[in-house]
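This report sets out selected features of the structure shown below. Please keep the sequence and the model at hand while reading.

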Protein chains: 2
Amino acid sequence: MDFREILKDMVQRVDGGKAAVLMGYDGIAIDEYKKEGEVTDIQLMGIEYSTVLKEMKHTSEILESGEVAEVSVVTGNGMVVARAVSDDYFVMIALALDGNLGKARYLMKTAAPKLKELL
Amino acid sequence: MDFREILKDMVQRVDGGKAAVLMGYDGIAIDEYKKEGEVTDIQLMGIEYSTVLKEMKHTSEILESGEVAEVSVVTGNGMVVARAVSDDYFVMIALALDGNLGKARYLMKTAAPKLKELL
């Protein structure tokens with residue numbers, strides 16, 4: 001499987017999955033997948049969240065609480081799960097508000113090492 | 001129940017619960033509860049995470065994705081769940097790495113309106 005196939009598999013297997021992106025912490029995307037008809041700008045989301053993730057890495061260093069492995073965010077109209085793939089890259093999925101966050105977390109956990117292998 | 005009793009109830013009912021804090025986004029804590037013998041500096045964690053949460057609120061505004069309701073973070077040696085209580089305050093719980101994140105999310109969701117009522 002290539003990057004896009006792994007992202008597509010994740011998005012399609014989780015209830016409420018909308019789109020996913022593999023991105024560098026510098027905000028540059030390697031690949032993305034969006035469900036047909038989906039309007040979510042997953043690249044823009046990735047770019048904005050990359051800033052938050054960098055802030056979080058910094059916070060985790062200060063607190064000596066180890067590497068940031070995963071971040072989930074629930075907002076007024078959706079959910080986002082991001083997971084570290086390597087020191088330089090992370091994968092992120094956007095879900096509908098009624099999506100399955102637990103399943104998304106599980107799929108991200110299994111996809112991350114596969115993505116890392118391809119990097 | 002007062003603030004501390006609500007925090008204590010949350011920490012005690014979740015597997016791996018270590019400590020919880022009710023804090024302003026300005027980093028000033030209203031109250032906290034720590035399990036006996038627990039060394040986690042929950043105030044320091046709250047202060048550091050308040051910065052991240054503010055950044056996340058800002059990100060959510062840019063993305064027009066609504067208010068940030070909840071954030072979960074998994075790091076190398078623990079988990080943190082933070083939930084908005086009001087525009088000015090949030091509640092945060094620290095869990096062991098093998099703690100029950102789903103239960104913590106559920107308890108936070110039910111505790112937040114109770115805490116808000118007392119504010």
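The structure is a predicted model. Chain A can be superposed on chain B with an RMSD of 0.0 Å, by a turn of 180° and a shift of 0.0 Å along the axis. The two copies are therefore related as by a two-fold rotation axis. In chain A, the C-alpha nearest this axis belongs to A:Ser72, at 2.5 Å from it.

## The nonpolar core

In soluble globular proteins, nonpolar side chains tend to be buried together. In this model, the largest nonpolar core has 38 residues, and those with the most contacts inside it are A:Met56 and B:Met56.

The surroundings of A:Met56 include residues of both chains. With neighbours within four places in sequence left aside, A:Met56 contacts A:Val68 and A:Val71 in chain A. Its contacts in chain B are B:Tyr49, B:Val52, B:Met56, B:Val71 and B:Val73.

## Aromatic pairs and a charge over the ring

In one, the ring centres of A:Tyr25 and A:Phe90 are 5.2 Å apart and the ring planes stand at 40°, so the pair is tilted. A:Tyr25 belongs to the loop between β1 (17–24) and β2 (29–34) of chain A, and A:Phe90 to strand β5 (residues 89–95) of chain A; the pair therefore ties together parts that are 65 residues apart in sequence. Both A:Tyr25 and A:Phe90 are buried. The charged end of A:Lys57 sits over the ring of A:Tyr25, 4.2 Å from its centre.

Chain B holds the other pair. The rings of B:Tyr25 and B:Phe90 have centres 5.2 Å apart and planes at 40°, so this pair is tilted. It links distant parts of the chain, with B:Tyr25 in the loop between β1 (17–24) and β2 (29–34) of chain B and B:Phe90 in strand β5 (residues 89–95) of chain B, 65 residues apart. B:Tyr25 counts as buried because its relative accessibility is 9%, and B:Phe90 is buried with a relative accessible area of 0%. Over the ring of B:Tyr25 sits the charged end of B:Lys57, 4.2 Å from the ring centre.

## B:Glu70, a buried acidic residue

B:Glu70 lies in strand β3 (residues 68–75) of chain B. Its relative accessible area is 1%, so B:Glu70 is buried. The side chains of B:Glu70 and B:Arg83 are joined by a polar contact of 3.4 Å.

A:Ser72 is the residue whose C-alpha is nearest the axis in chain A.

## B:Lys34, a partly exposed residue

B:Lys34 lies in strand β2 of chain B. At 32% relative accessibility, B:Lys34 counts as partly exposed. Its side chain reaches the backbone oxygen of B:Thr40 at 3.1 Å.

Not counting residues up to four places away in sequence, B:Lys34 touches B:Lys18, B:Ala19, B:Val39, B:Thr40 and B:Asp41. B:Lys34 and B:Lys109 are 75 residues apart in sequence, and their C-alpha atoms are 20 Å apart in space.

How values were computed:
Residues numbered from 1 in each chain as written. Chains lettered and ligands numbered in written order. Predicted model: local features only at pLDDT ≥ 70, side-chain atom pairs only at ≥ 80, totals over all residues. Heavy atoms only, no water. Least-squares fit on C-alpha atoms with pLDDT ≥ 70 in both. Phe/Tyr/Trp six-rings, centres within 6.5 Å; stacked < 30°, edge-to-face > 60°. Helix = DSSP H or I, 4+ residues; strand = E, 2+ residues; numbered from the N terminus. Buried < 20%, exposed > 50% of the residue type's maximum accessible area, 1.4 Å probe, protein only. Lys NZ or Arg CZ within 6 Å of the ring centre and 35° of its normal. Contact = heavy atoms within 4.5 Å. Polar contact = N/O pair within 3.5 Å; in protein donor to acceptor, adjacent residues only side chain to side chain. Core = buried A, V, L, I, M, F, W, Y, C linked by side-chain atoms within 4.5 Å.
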